[in-house]
Amino acid sequence: MTKTWEVFRFELHFQLSRVSTRVYFALFLALALLLSFAIYMDARNDGYYFNAPIVTGLITIVASMVSLLVTSGVAGDAATRDAQIRIDSLLYTTPLRKASYLAGRFLGAFAVTALLLLAVPLGLLLATHVPGVDPAALGPMHAEAYLTSYFLFALPNAFLSTAVLFSLATISRSAITAYAGAAVLFFSAFITEGFIGAKLGNWGLAKLLDPLAYTPLHALWRSFNPLQRNTLLIQLDQTMLSNRLLWLGVAIAILAIAHLRFRFAYSGGGGQAILPVRTGSGTDRIVSPPSERWTAITVPTARRVFNFATRMHQLRAVAMRSFRELVVSKAWLLVPLTAILFLSSAAEVLEVELGTPGAATTARVAEILAASELARMIALLIAISAGELVWRERAARMNAIADVTPVPEWLSFLGKFLALGLMLVVTEAIFLVSGVSVQLMMGFAPLVDLGLYVQTLFGFQLSGFLLFAALAMVIHVLINQKYVGNVVAI
């Protein structure tokens with residue numbers, strides 16, 4: 001326990017001493033204030049208090065969902081920092097045990113996330129004291145409402161998200177998998193409520209399977225009238241208790257799997273060893289590997305011609321290599337998985353009122369493919385991918401070598417932006433193919449309008465994505481911290 005405590009204390013002190021942690025706390029504080037002000041006008045019009053207990057709970061859950069991006073940075077950094085700064089091989093030679101190492105790092109990341117989420121109730125309290133707030137929109141201050149929201153929603157969500165994202169980064173030894181896991185957790189709330197609950201009508205299962213408890217609380221919100229919203233505190237009923245216990249158990253199981261899968265040893269390989277062997281006389285002699293013959297060669301002199309053709313060749317090389325790295329990353333797997341999910345659930349998604357089957361016209365299918373939920377997912381993918389491209393050389397400790405190569409900085413930046421744009425073109429092409437496939441499977445082949453698909457996906461939507469991609473890359477260039485850049489971009 002002493003070693004676990006030392007690792008935990010070091011991780012907590014390291015994370016809290018970073019400037020990015022203070023920036024995250026300020027962002028959560030501002031987020032809580034903005035969400036309170038956003039609901040202020042609706043509260044006045046609908047006759048409930050904007051500091052009502054259930055409002056406090058909903059804002060806390062939304063803030064914990066937004067915090068997934070920050071948690072992925074904190075947990076991913078705690079899990080992969082030693083490998084990134086190349087001290088993992090030294091660390092594995094110390095008397096530190098695997099359980100103490102993983103427990104200390106995880107608990108440190110969880111403590112930081114829990115402390116950051118304290119900014120949410122603090123921001124909600126500050127919102128009630130802002131000058132100019134109509135006293136009629138303010139209800140009595142219930143300390144139980146803030147405590148319940150934090151300990152029932154924020155803290156368990158922080159534990160679950162930190163456990164999942166830390167485990168993913170630990171097993172893969174890559175921080176990018178934590179961002180992919182954050183995206184899955186974020187959209188799981190919309191899938192459980194919108195698909196399992198609204199489309200399939202199985203609200204009991206939807207409330208249980210929502211890892212962040214957004215669905216059960218949102219269902220409770222819809223069932224309350226204004227008087228109940230103002231007076232009733234959130235109760236830990238059977239549904240909420242089952243949801244919380246289920247996902248706490250899942251988090252512990254995922255941590256156990258990460259402990260079993262993680263190898264507390266250096267994974268790199270290396271050359272041929274020189275081993276002692278025993279001879280027939282009983283003595284040891286050293287057997288060296290056979291020597292290799294060396295043949296002198298003449299290295300041709302490279303032509304140093306940097307004309308327009310050379311620059312175009314360099315631009316193509318940078319763009320294609322960056323594009324290949326993007327499409328083989330785990331984060332980009334969300335795109336084909338989303339297309340497969342749409343193909344498998346298209347009939348339910350296209351249903352209209354009362355479960356009536358809807359027509360799979362091109363306009364309806366294209367509207368679904370261009371929905372805001374998918375756009376948020378692509379925006380998250382763009383922010384993460386831009387950060388990986390900008391930080392690729394620095395993450396691999398190759399930036400000093402890359403800076404002395406005869407490749408201008410503008411060409412490297414443009415090549416990486418073209419790779420990001422090509423990834424978006426392929427993404428929209430996959431969505432187009434999935435939309436046409438849905439129409440063909442549902443028997444609406446005569447209504448397929450490729451022109452409308454191209455206009456919607458490659459015209460309106462792709463142009464916005466390209467503008468955001470350029471903005472995300474500029475943000476990552478100007479902000480000298482990858483995880484802060486991700487937060488600012490989102």
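This report describes the nonpolar core, the salt bridges and a nonpolar surface patch of a predicted model.

## Basis of the model

Local features need a pLDDT of at least 70 and side-chain atom pairs count only at pLDDT 80 or more, while totals for chains, interfaces and linings use all residues. Residues are numbered from 1 along each chain as its sequence is written, and side-chain values use heavy atoms, with hydrogens and water left out.

## The nonpolar core

The largest nonpolar core has 127 residues, and Ile-382 and Leu-420 are those with the most contacts inside it. Such a core is a set of buried Ala, Val, Leu, Ile, Met, Phe, Trp, Tyr and Cys residues joined through side-chain atoms within 4.5 Å, where buried means under 20% relative accessible area, exposed over 50%, and partly exposed in between (1.4 Å probe, protein chains only). Helix α8, residues 143-172, gives the most to this core, with 13 residues; helices are DSSP runs of H or I with at least four residues, numbered from the N terminus.

If neighbours within four places in sequence are left aside, Leu-420 is in contact (heavy atoms within 4.5 Å) with Leu-326, Ile-382, Ser-385, Ala-386, Leu-389, Ala-469 and Met-473.

## Salt bridges

The structure holds eleven salt bridges, each a side-chain nitrogen of Lys or Arg within 4 Å of a carboxyl oxygen of Asp or Glu. One of them joins the side chains of Asp-77 and Arg-18, at 3.0 Å from N to O. Because Asp-77 lies in helix α4 (residues 68-84) and Arg-18 in the loop between α1 (2-16) and α2 (19-46), this pair ties together parts that are 59 residues apart in sequence. Asp-77 is buried, with a relative accessible area of 6%, and Arg-18 is buried as well, at 18%.

Asp-82 forms a salt bridge with Arg-105, with the closest N and O atoms 3.1 Å apart. Asp-82 belongs to helix α4 and Arg-105 to helix α6 (residues 98-117), so the pair ties together parts that are 23 residues apart in sequence; both residues are buried. Another salt bridge, between Arg-392 and Glu-393, has its closest N and O atoms 3.2 Å apart, and Arg-392 is buried at 18% relative accessible area, as is Glu-393 at 19%. Through shared partners, salt bridges join Glu-11, Arg-18, Asp-77, Arg-81, Asp-82 and Arg-105 into one network.

## A nonpolar surface patch

Leu-205, Leu-208, Leu-209 and Leu-246 make a nonpolar surface patch of about 270 Å². Patches are made of residues with over 30% relative accessible area and no salt bridge, like charges being joined within 9 Å and nonpolar side chains (Val, Leu, Ile, Met, Phe, Trp, Tyr) within 5 Å; accessible areas come from the Shrake-Rupley method with a 1.4 Å probe, and for residues only the protein chains shown count as cover. Helix α10 (residues 203-209) supplies the largest share of the patch, three residues. Leu-205 has its place in helix α10 and is partly exposed, with a relative accessible area of 35%.

Terms used. Helix = DSSP H or I, 4+ residues; strand = E, 2+ residues; numbered from the N terminus.
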